[in-house]
Amino acid sequence: MKDDYEVDEKKQAAADVLFSYSKFAMACIGSQTRPTDMRLHLMKEISGLPTSLKRREASRAATSPDPLGESSSSGTARLDKVDSFRAL
């Protein structure tokens with residue numbers, strides 16, 4: 001009985017993390033910013049430091065070798081921008 005409760009608790013925690021991360025990912029897409037830039041912006045905002053989140057210009061994005069930014073801290077592989085939207 002206790003094991004079932006712990007399993008359900010872990011499943012709910014995983015679902016909550018996934019939901020929060022998906023909101024973060026959508027904010028990055030909507031702002032047209034890299035996840036690393038968004039994290040830095042949020043850390044500065046929380047600590048009260050001045051910050052401005054700038055959109056990536058088309059010329060900068062064209063010269064960037066990695067259009068989606070750096071890989072996340074979870075160790076997931078980077079996706080090519082074109083391939084990531086084909087799945088949708």
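**Exercise 1. Decide whether Tyr21 is buried, partly exposed or exposed, and then find the aromatic pair to which Tyr21 belongs.**

Step 1. Tyr21 has a relative accessibility of 41% and therefore counts as partly exposed, where buried means under 20% relative accessible area, exposed means over 50%, and partly exposed covers what lies in between, with a 1.4 Å probe and protein chains only. This is a predicted model, in which local features need pLDDT of at least 70 and side-chain atom pairs count only at pLDDT 80 or more, whereas totals for chains, interfaces and linings use all residues. Residues are numbered from 1 along each chain as its sequence is written, and side-chain values use heavy atoms, with hydrogens and water left out.

Step 2. Rings of Phe, Tyr and Trp (its six-membered ring) pair if their centres lie within 6.5 Å, and the planes count as stacked under 30 degrees apart, as edge-to-face over 60, and as tilted otherwise. By this rule there is one aromatic pair. Tyr21 and Phe24 form this tilted pair, with 5.8 Å from centre to centre and 40° between the planes.

Step 3. Both residues belong to helix α1 (residues 2-31), and because they are three residues apart there, about one helical turn separates Tyr21 from Phe24. An α-helix has 3.6 residues a turn, so residues three or four places apart point the same way. Phe24, at 16% relative accessibility, counts as buried.

**Exercise 2. Describe the span of helix α1, and state what follows it.**

Step 1. Helices (H or I, at least four residues) and strands (E, at least two) are DSSP runs, numbered from the N terminus. Helix α1 has 30 residues and reaches 44 Å from its first C-alpha to its last.

Step 2. The expected span of a helix is 1.5 Å times one less than its number of residues, and the span of α1 is close to the 44 Å expected. After α1 comes Gln32, with a positive phi near 55°.

Step 3. Within helix α1 lies Asp16, which is partly exposed with a relative accessible area of 41%. The side chain of Asp16 makes a polar contact with the side chain of Gln12 at 2.8 Å; a polar contact is a pair of N or O atoms within 3.5 Å, where within protein one must be able to donate a hydrogen and the other to accept it, and residues adjacent in sequence count only if both atoms are side-chain atoms.

**Exercise 3. Locate Thr33, and list its contacts beyond its neighbours within four places in sequence.**

Step 1. Thr33 sits in the loop between α1 and α2 (35-47), and at 8% relative accessibility Thr33 counts as buried.

Step 2. Leaving aside neighbours within four places in sequence, Thr33 is in contact (heavy atoms within 4.5 Å) with Cys28, Met38, Leu53 and Lys54.

Step 3. Ala27 is placed in helix α1 and is partly exposed, with a relative accessible area of 33%.

**Exercise 4. Find the salt bridge, and then summarise the chain.**

Step 1. The structure holds one salt bridge, that is, a side-chain nitrogen of Lys or Arg within 4 Å of a carboxyl oxygen of Asp or Glu. Asp37 forms a salt bridge with Arg34, with the closest N and O atoms 3.1 Å apart, and Asp37 is partly exposed at 24% relative accessible area.

Step 2. The chain has four helices and zero strands, and of its 88 residues 12% count as buried.
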